[in-house]
Amino acid sequence: MSAHSVGAFLWLVIALCGASTCYIAIAALVHAGARGMRRVPVDIQHDENLSSLHMPVSVLKPLCGAEPRLYWNLESFCTQAHPSYQLVFGVASADDAAASVVRRLIQAYPERDIALVVNAEIHGTNLKVSNLLNLIERARHEWLVIADSDISVGPDYLTRVTAPLADARIGLVTCLYRARCVGGFWSRLGGLFIDEWFAPSVDVANLGGYGRFGFGATLALSREMLEQAGGFEALRDCLADDYWLADRVRACGKRTVLSGIVVTTDVIENRFAPLWHRETRWLRTIRSVNPAGFLFLCLTLTSPWLLTSALIGVSLDTSGADLVQSIADTIVDTSTSLGLSARLLLHWRCARSWRHFWWNLPLIPLRDALMCVQWFAALFGSNVNWRGARVPIGDVRDAYRAEAPVSDNDSL
């Protein structure tokens, strides 16, 4: 085989990589859509519909500062259809603006069991976990739900996210989320990061049988399971506390599953810098907990791959006419066209409406290009920016593994 033929073959492989990630993402979204966004494994889905599983639940909500939609996000937890639950909100200072929001909720919903914990005690380098350590003392129920402050949920949320816990094989339930853009141009870019990269990537992994999920949007587990996993104390110095909590549950021989519920999270960044810091923090966190998986994320950056594929097609058109190159040229052109179509279909599947489809369509190349630059920056970075502080990721994985519980069923 000639050198030109070998080169054509290598170019062909690159072109196919560019299109394949879109194909797989579309397949995962169609799969999830066909199941009504139900991601709980089939063998336990029936548990979600059993009304007899209404175990009392304590919801732990660590707060810090007043986000733009904080009142309405927290209010969605006050209107749950679940018959017995407690809401425990926590701040480090009585002067925190979030505290006044909680007091408004207490006045608006006097029939709800709502507690506001003000405690400045710091237990470790992770301030969110430190807050949770202060909150857990006020939780009265056996089943726990830990949820970020920037999410809103439907009235059936608590019932559905806790129902799988009735299955003895399930140790933790987590939730996928999609974006609500609160702001202008930069928040729209941030929303595309979640809706058209993060969520489809999770669906691809879930479709492939990967079950090592743990998202701060929701973590539901029993108090007994939390204690077996080492409690919040084991996470007080961990960067990716949500991921490591789920990992410790799996190390105890239990399964972690994605709920059928998809919650809504706010994207509030109105400038480039905060958006950059948040998204590179996410990517470096992924790198710290799953280095191999992080490297393969480059295959999901569709626009750069498709641009490369198109340039390869142009090069093949002008570089000669031997049979191998002609075949490769045809396949590359077809792959590029199909890949572009798949990328547009992915955008359509993720859009809320035709208005959103056309409104955000021009942002796709910029979004994918920015993602490519962020991935490269996260590849070499050693720190993350979290609430204005620089936190080193260092050897967090090795430090965690040294203390993690050991189980013969770790493969679960």
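This is a dialogue on reading a predicted protein model.

Student: What kind of model is this, and how are its residues numbered?

Tutor: The model is predicted, so local features need pLDDT of at least 70 and side-chain atom pairs count only at pLDDT 80 or more, while totals for chains, interfaces and linings use all residues. Residues are numbered from 1 along each chain as its sequence is written, and side-chain values use heavy atoms, with hydrogens and water left out.

Student: What is the mean pLDDT of the protein?

Tutor: pLDDT is the predictor's confidence in each residue, from 0 to 100. Here the mean is 81, and 75% of the residues reach 70 or more.

Student: Where does pLDDT stay under 50?

Tutor: Residues 34-38 form one such stretch, with 13 contacts in the model beyond four places in sequence; a contact means heavy atoms within 4.5 Å. Residues 406-412 also stay under 50, with twelve contacts beyond four places in sequence. Where pLDDT is low, the predicted coordinates should not be read in detail.

Student: How many helices and strands does the protein have?

Tutor: Helices (H or I, at least four residues) and strands (E, at least two) are DSSP runs, numbered from the N terminus. The protein has 15 helices and ten strands. Of the contacts between residues at least 6 apart in sequence, 80% join residues at least 24 apart.

Student: What percentage of the residues count as buried?

Tutor: Buried means under 20% relative accessible area, exposed over 50%, and partly exposed in between (1.4 Å probe, protein chains only). Of the 412 residues, 51% count as buried.

Student: Are Cys 78 and Cys 238 buried or exposed?

Tutor: Cys 78 has a relative accessible area of 1% and is buried; Cys 238, at 7%, is buried as well. The structure holds zero disulfides, a disulfide being a pair of cysteine sulfur atoms within 2.5 Å.

Student: How many aromatic pairs does the structure hold?

Tutor: Rings of Phe, Tyr and Trp (its six-membered ring) pair if their centres lie within 6.5 Å; planes under 30 degrees apart count as stacked, over 60 as edge-to-face and the rest as tilted. The structure holds 17 such pairs. One of them joins Tyr 177 and Phe 215, edge-to-face, at 6.3 Å centre to centre with 90° between the planes. Tyr 177 belongs to strand β6 (residues 170-181), whereas Phe 215 is in the loop between α6 (185-207) and β7 (219-222), 38 residues apart. Both Tyr 177 and Phe 215 are buried.

Student: Why is the pair of Trp 348 and Trp 354 called tilted?

Tutor: The ring centres of Trp 348 and Trp 354 are 6.3 Å apart and the planes lie at 40°, so the pair is tilted. Trp 348 is partly exposed, at 38% relative accessible area, and Trp 354 is exposed, at 52%.

Student: Which residues do ring pairs link into a cluster?

Tutor: The cluster consists of Tyr 177, Phe 198, Phe 213 and Phe 215.

Student: Which residue lies over the face of Tyr 71?

Tutor: A charge sits over a ring if NZ of Lys or CZ of Arg is within 6 Å of the ring centre and within 35 degrees of the ring normal. Arg 104 lies over Tyr 71, at 4.1 Å from the ring centre. Arg 250 lies over the face of Tyr 243, at 5.9 Å.

Student: Where is Ala 147?

Tutor: Ala 147 is in the loop between β4 (143-146) and β5 (151-152). Ala 147 counts as buried because its relative accessibility is 1%. Beyond its neighbours within four places in sequence, the contacts of Ala 147 include Leu 60, Phe 77, Tyr 157 and Gly 216.
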